[in-house]
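The sequence and the model are shown first.

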Amino acid sequence: MQALGAARRTIDFAAAGMSLALVLGIVFGFFGSTAWWAGDPAGATSRSTRILRRTIAPAIYAATRILIVGMRSVHEILWAVVFLAAFGLNNATAVLAIAIPYGGTLAKIFS
């Protein structure tokens, strides 16, 4: 009986972690994609659009790519240790430890 309860809890944590990872992957994948930030749009004659495309957009792209690499480069166990120290032993620790590295992986795939 305890084994079934533990298996159900594991599946719950995995589903919650991957759901959060999917949201993170979609958001960071959008901002980390070169298709959205490359070149000037057709008819970009306004000064504000040129400033956005030439200064702000590359900064957002670069910061997002660095964040994605950071998320992917740390293993789940290390995230779990960090969150155990920060939050203690609770459900958020497990969900975040799963969501962050897989969110980075999905963001890399989506971008």
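Which residues does Met 71 touch, not counting residues up to four places away in sequence? Met 71 touches Leu 24, Phe 28, Trp 79, Ile 100, Pro 101, Gly 103 and Gly 104, where contact means heavy atoms within 4.5 Å.

This is a predicted model, in which local features need pLDDT of at least 70 and side-chain atom pairs count only at pLDDT 80 or more, while totals for chains, interfaces and linings use all residues. Residues are numbered from 1 along each chain as its sequence is written, and side-chain values use heavy atoms, with hydrogens and water left out.

Met 71 lies in helix α3; helices (H or I, at least four residues) are DSSP runs, numbered from the N terminus. The C-alpha atoms of Met 71 and Tyr 102 are separated by 8.1 Å, although the two residues are 31 apart along the chain.

Helix α3 (residues 47-73) packs against helix α5 (residues 91-110) at an angle of about 130°, and their axes are 7 Å apart. Axes are lines fitted to C-alpha atoms, for helices over the stretch in contact, and angles run from 0 to 180 degrees between N-to-C directions. This angle makes α3 oblique to α5, the term for angles that are not under 35 degrees (roughly parallel), over 145 (roughly antiparallel) or 65 to 115 (roughly perpendicular).

The structure holds one salt bridge, defined as a side-chain nitrogen of Lys or Arg within 4 Å of a carboxyl oxygen of Asp or Glu. The side chains of Arg 8 and Asp 12 form this bridge, at 3.7 Å from N to O. Because they are four residues apart in helix α1, Arg 8 and Asp 12 are separated by about one helical turn. Side chains of opposite charge can pair when their charged atoms come close.

**Accessibility of selected residues**

Buried means under 20% relative accessible area, exposed over 50%, and partly exposed in between (1.4 Å probe, protein chains only).

| Residue | Relative accessibility | Class |
|---|---|---|
| Met 71 | 7% | buried |
| Ser 33 | 9% | buried |
| Asp 12 | 38% | partly exposed |
| Arg 8 | 52% | exposed |

Ser 33 lies in the loop between α1 (2-31) and α2 (34-37). Not counting residues up to four places away in sequence, Ser 33 touches Tyr 61 and Ser 111.

Methods:
Helices (H or I, at least four residues) and strands (E, at least two) are DSSP runs, numbered from the N terminus.
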